[in-house]
Structures are given as C-alpha cells and as structure tokens.
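Please look at the sequence and the structure below before reading on.

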Amino acid sequence: MAKKKMVRFNVKNVKFAMVDEETGLYKTPEDLAYANSLSLEPDYSEQPIYMDGEKMDVLIDDKGKTGELSVMNKEPEYEIACGRLIEVEEGYADIQQDNSIQHAIYYEVNARRNGVTITLKSWLYNCVSGQAAESYQQNQDSRTINPFAYPLTIMGVNIKKSTGDEDYFDEKGNTKKVTRITAYPESPGYATFGDTVPIPKMKVVI
C-alpha cells in the first residue's frame, strides 16, 4: 500500500450525546462548545513475565484513552448534563460532582491528504469529563483569552456483531473495546456521521 501524504490540523464542531437511561442508547447529539484544543493519550501499560530468568511473555493492559478538551466557554447545557451545575433562582450554581456520567463526544479535524483538504469526523465512546480548569488574567497590552480545559477519560464500548444486537466475540472468546470511530469522506454514511452516535459493529466480509 502506497504511503499517503497527509497531515492533520485544527479541531472543530465538538458535540456531546448522553445515554438514555431507559433504552441504553445515545440521545440526539447537542453542541458542546467552540473548541480550542483536544489532546488524547493512550492509557496503556505492559507487564513482562519472566520464566527461568528470561522474558517469556508480556501482559498488555489497555484501559482506553485519557486526555483534555479545551473549549472557549462552559456551556450550561453540558455542565448540567454532566451533573456539575444546576439552575437556581439566582442563576446557575456549581455543585459537587458525585457521579461519573458517561457520554459520547464528537469532533472534527481537518487533514491535508495528497494535496486536498478534507474533514475527518470522529466519535469518542464512553467518555467521562471532570471539572473544567479555569484561569483568568487581566487585560494588559492586548486582551487575554481564557479557555476552559476538561480532563477526559475515554473507556470505550464493546463492539457488536454485524447485526448490532449482541456483543462480538472473537475466535478465542474475547470481546473488543472500541474507543473511537473515525469517518473519512469516502466512508459510508459520512454526510450524516455526526447526526447520531453510530453503534460500533463488525464489518460483514463477503
């Protein structure tokens, strides 16, 4: 396969979708906020196993991803959905977050592929966000912009069989976690990929 000349840049159009407690399915996505930056790191470790003084195997522990989402404003709708904010008579009140409310996060990035700019669309599955860090500085020679940074944990969901109704198990009896799905312009359903949270399903091999 030939290498592609491709670089990725920018982040935009961030959304979130909460889980319907009755059906277990994701609700209709809502705008989260204007994005400033997104960083993702693998939550991954290895433990070597030694026998007779030699390394014989390696146990892999892949817990998903961690990261940070920086946005330009704390939108009340997202804060309320995540259990960090309530509306009171006087306005909005920050409250102690005592539950990790899982949801999906959507975002887009631009890419330059073989001389053509495209948009990649992604969903992150089973996310938990913490309280956003805040930092304010006074204006000096120019105005100071103060974004808000959410710590993220992305745990993923089990991939389903091609029918979408049962978990997929490989030939050794193991399930597989999906932390992210990314759609390219040539992917099926690309135009409406951000309208609903897709169920990760195994591809039918013909």
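With which residue does lysine 176 form a salt bridge? The partner of lysine 176 is aspartate 170, and the closest N and O atoms of the two are 3.6 Å apart. A salt bridge is defined here as a side-chain nitrogen of Lys or Arg within 4 Å of a carboxyl oxygen of Asp or Glu.

This is a predicted model, in which local features need pLDDT of at least 70 and side-chain atom pairs count only at pLDDT 80 or more, while totals for chains, interfaces and linings use all residues. Residues are numbered from 1 along each chain as its sequence is written, and side-chain values use heavy atoms, with hydrogens and water left out.

**Overall architecture**

- The protein has one helix and 12 strands; helices (H or I, at least four residues) and strands (E, at least two) are DSSP runs, numbered from the N terminus.
- Along the sequence, these elements follow the pattern β-β-β-β-α-β-β-β-β-β-β-β-β.
- The C-alpha trace spans about 60 × 45 × 45 Å along its principal axes.
- Of the 206 residues, 30% count as buried; buried means under 20% relative accessible area, exposed means over 50%, and partly exposed lies in between (1.4 Å probe, protein chains only).

**Salt bridges**

- Side chains of opposite charge can pair when their charged atoms come close.
- A search of the whole structure finds eight salt bridges.
- One of them joins the side chains of arginine 113 and glutamate 186, at 3.1 Å from N to O.
- This pair links distant parts of the chain, 73 residues apart: arginine 113 belongs to strand β7 (residues 103-113), and glutamate 186 to the segment after β12.
- Arginine 113 counts as buried because its relative accessible area is 17%, whereas glutamate 186 counts as exposed because its value is 54%.
- Lysine 172 forms a salt bridge with glutamate 171, the closest N and O atoms being 3.7 Å apart; both lysine 172 and glutamate 171 are exposed.

**Pockets**

- Rolling a probe the size of a water molecule over the atoms shows where empty space is left.
- On a 1 Å grid over the protein atoms alone, a pocket is an open set of points where a 1.4 Å probe fits, with protein on both sides within 12 Å along at least five of seven lines, and lining residues have an atom within 4 Å of a point.
- The largest pocket holds about 520 Å³ of space; grid points are joined across faces, edges and corners, and a volume is the space filled by probe spheres set on the points.
- Its lining has 17 residues, and Ile181, Pro188, Phe193, Pro198 and Ile199 lie nearest the centre of the largest pocket.
- Strand β12 (residues 180-183) gives the largest share of this lining, three residues.
- By class, the lining of the largest pocket has 10 nonpolar, five polar and two charged residues; Ala, Val, Leu, Ile, Met, Phe, Trp, Tyr, Cys and Pro count as nonpolar, Asp, Glu, Lys and Arg as charged, and the others, Gly among them, as polar.
- The second largest pocket has a volume of about 290 Å³.
- The second largest pocket is lined by 15 residues, of which Gly24, Leu25, Tyr26, Ile199 and Pro200 lie nearest its centre.
- Nine nonpolar, four polar and two charged residues make up the lining of the second largest pocket.

**Surface patch**

- Tyr34, Met72 and Ile145 form a nonpolar surface patch with about 380 Å² of accessible area together.
- Patches are made of residues with over 30% relative accessible area and no salt bridge; like charges are joined within 9 Å, and nonpolar side chains (Val, Leu, Ile, Met, Phe, Trp, Tyr) within 5 Å.
- Accessible areas come from the Shrake-Rupley method with a 1.4 Å probe, and for residues only the protein chains shown count as cover.
- Tyrosine 34 lies in the loop between β2 (30-33) and β3 (35-51) and is exposed, with a relative accessible area of 71%.

**Loops with positive phi**

- Aspartate 52, in the loop between β3 and β4 (54-71), has phi near 55°, a positive value in a residue other than glycine.
- Aspartate 52 counts as exposed, because its relative accessibility is 80%.
- Asparagine 114, in the loop between β7 and β8 (116-129), has a positive phi near 50°.
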